[in-house]
Amino acid sequence: MNTIGPPQRRATRLVFLTAGLAMAAWAPLVPYAKARLGLSEGTLGLLLLCLGAGSLLAMPLTGALSLRFGCRRVILSAGALICLALPGLALAASPLQLGLVLLLFGAAIGTFDVCVNIQAVIIEKAGGGAQMSGFHALFSVGGCAGAACMALLLWLGARPAWACAVIVLLLAALLLAAGPSLLREAGAKEPQGPLFVVPHGSVILLGLLCFTVFLAEGSILDWSALFLTSRRGVDPAQAGLGYAAFAIAMTAGRFSGDAIVRRFGGRRVLLLGGLCGGAGFFLTVLTDSVGASLGGFVLIGLGAANIVPILFTAAGRQEAMPASLAVSAITTFGYAGILAGPALIGFAAHATNLSIAFAGLGCALLLVGLNARLCVPAPASR
């Protein structure tokens, strides 16, 4: 049986930090892989799809795997695969090898991400209070640390393979520290079933909302710099300020999110988060000031910060599906949003312009907030 206390909460924070670190470590390697293998932009784009394909193939199965084998085994197994695959991204000698390693890396990342969220749902339910935003804040910190550490190692002249080796050592140390306190089961008396179950009931709504929020987040990552340069005349060297403002605001919002949710309730925070994020997009596109546009990105980050943690909490509390399978399902929806985001915004911007595409995302986040009553249970009366 699972024993849940401070060691288990610390272990959960460590594996969220690990997930962010591992996911972000790949991004600085992309230019090196392109140059080493002589890849065209089109070929590189196709290969990058392997990363998303691996995640989307593995995620729907992870909930059932965690039920059968427990969170600890699945998290540590996926972590070991990440550590094995990461150096392969720097050593792949052909496009085919790189594609296969990306597929494996994506599957390991997807499995790891789903299972740490399953553990977080169990920990939060046992604790009786909001903790999910704090866990996700550690993921954001890990993402910043992973990208910065890898970029620093490469800037100092380390070969990509050696830089990967350093990151692998960090990942292994985190997994070893967390391993003894990870949960050995994926929930209390949840029935085992098939490896894949079609989402149904409220899980579909939670998944669609998760898809929308991840689509908005992915669009900020891929399109904010182009928006600032093409629509606001920002120098390309400073175009990254938009995503930086968004990411810093989101991380700060998540660190304070648990206290806010405990004070006001998940339903109200989800409503206000959707309204704040939508207002941020409208501020960004309806003003000509660079400062106001950056302020809009801050509002988007603050608004979106706690929406996904609240949706994961709701997935753990709904009764249409076992919690593990529900978390697996909405995570898959979310990653589909990240993958689809750049293309959907690109098509919309081509048909209209980037400002209108961003305004459409603002409307989508408003709809997320307005669905708070349908997907988040009302707080228990005292």
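Colleague: Let's start with Leu67. Is Leu67 buried or exposed?
Modeller: Leu67 is buried, because its relative accessible area is 16% and anything under 20% counts as buried. Keep in mind that this is a predicted model.

Colleague: Okay, and which helix is Leu67 found in?
Modeller: Leu67 belongs to helix 3, which covers residues 41–69.

Colleague: How far apart are the C-alpha atoms of Leu67 and Leu154?
Modeller: Those two C-alpha atoms are separated by 40 Å. Along the chain, Leu67 and Leu154 are 87 residues apart.

Colleague: Switching topic: where is Ser181 found?
Modeller: Ser181 is in the loop between helix 7 (160–178) and helix 8 (202–231).

Colleague: Which residues is Ser181 in contact with?
Modeller: Leaving out its neighbours within four places in sequence, Ser181 is in contact with Pro7, Gln8, Ala11 and Gln119.

Colleague: What about Ala120, buried or exposed?
Modeller: Ala120 is buried, with a relative accessible area of 0%. You'll find Ala120 in helix 5, residues 95–127.

Colleague: What does Ala120 touch?
Modeller: Not counting residues up to four places away in sequence, Ala120 touches Thr12, Phe16, Met132 and Phe135. There's also a C-alpha distance to look at: Ala120 and Thr313 are separated by 8.7 Å, though they are 193 residues apart along the chain.

Colleague: Then at what angle do helix 9 and helix 12 pack?
Modeller: Helix 9 (residues 241–255) and helix 12 (residues 290–304) pack at about 30 degrees, and their axes are 7 Å apart. The contact involves Leu241, Gly242, Ala245, Phe246, Ala249, Met250 and Gly253 on the helix 9 side. From helix 12, the contact residues are Leu294, Phe297, Val298, Ile300, Gly301, Leu302 and Ala304.

Colleague: Is that crossing left-handed or right-handed?
Modeller: Helix 9 passes helix 12 in a right-handed crossing.

Colleague: You listed Ile300. What does Ile300 touch?
Modeller: Ile300 of helix 12 touches Ile220, Phe246, Gly277, Gly280, Phe281 and Thr284, again not counting residues up to four places away in sequence. Ile300 is buried, with a relative accessible area of 1%.

Colleague: And how far is the C-alpha of Ile300 from that of Phe211?
Modeller: They're separated by 16 Å, and the two residues are 89 residues apart along the chain.

Colleague: Last topic, the surface. Which residues make the nonpolar patch?
Modeller: Leu271, Leu272, Leu275, Leu367 and Leu370 make a nonpolar surface patch of about 450 Å². Helix 11 (266–286) and helix 15 (354–370) are the elements that give two or more residues to the patch.

Colleague: Which helix gives the most to the patch?
Modeller: Helix 11 does, with 3 residues.

Colleague: And Leu370, buried or exposed?
Modeller: Leu370, found in helix 15, is exposed, because its relative accessible area is 59% and exposed means over 50%.

Key. Residues are numbered from 1 along each chain as its sequence is written. This is a predicted model: local features need pLDDT of at least 70, side-chain atom pairs count only at pLDDT 80 or more; totals for chains, interfaces and linings use all residues. Side-chain values use heavy atoms; hydrogens and water are left out. Patches are made of residues with over 30% relative accessible area and no salt bridge: like charges are joined within 9 Å, nonpolar side chains (Val, Leu, Ile, Met, Phe, Trp, Tyr) within 5 Å. Accessible areas come from the Shrake-Rupley method with a 1.4 Å probe; for residues, only the protein chains shown count as cover. A salt bridge is a side-chain nitrogen of Lys or Arg within 4 Å of a carboxyl oxygen of Asp or Glu. Helices (H or I, at least four residues) and strands (E, at least two) are DSSP runs, numbered from the N terminus. Buried means under 20% relative accessible area, exposed over 50%, partly exposed in between (1.4 Å probe, protein chains only). Axes are lines fitted to C-alpha atoms, for helices over the stretch in contact, and angles run from 0 to 180 degrees between N-to-C directions. A crossing is left-handed if the near helix is turned anticlockwise from the far one by less than a right angle, and right-handed if clockwise. Contact means heavy atoms within 4.5 Å.
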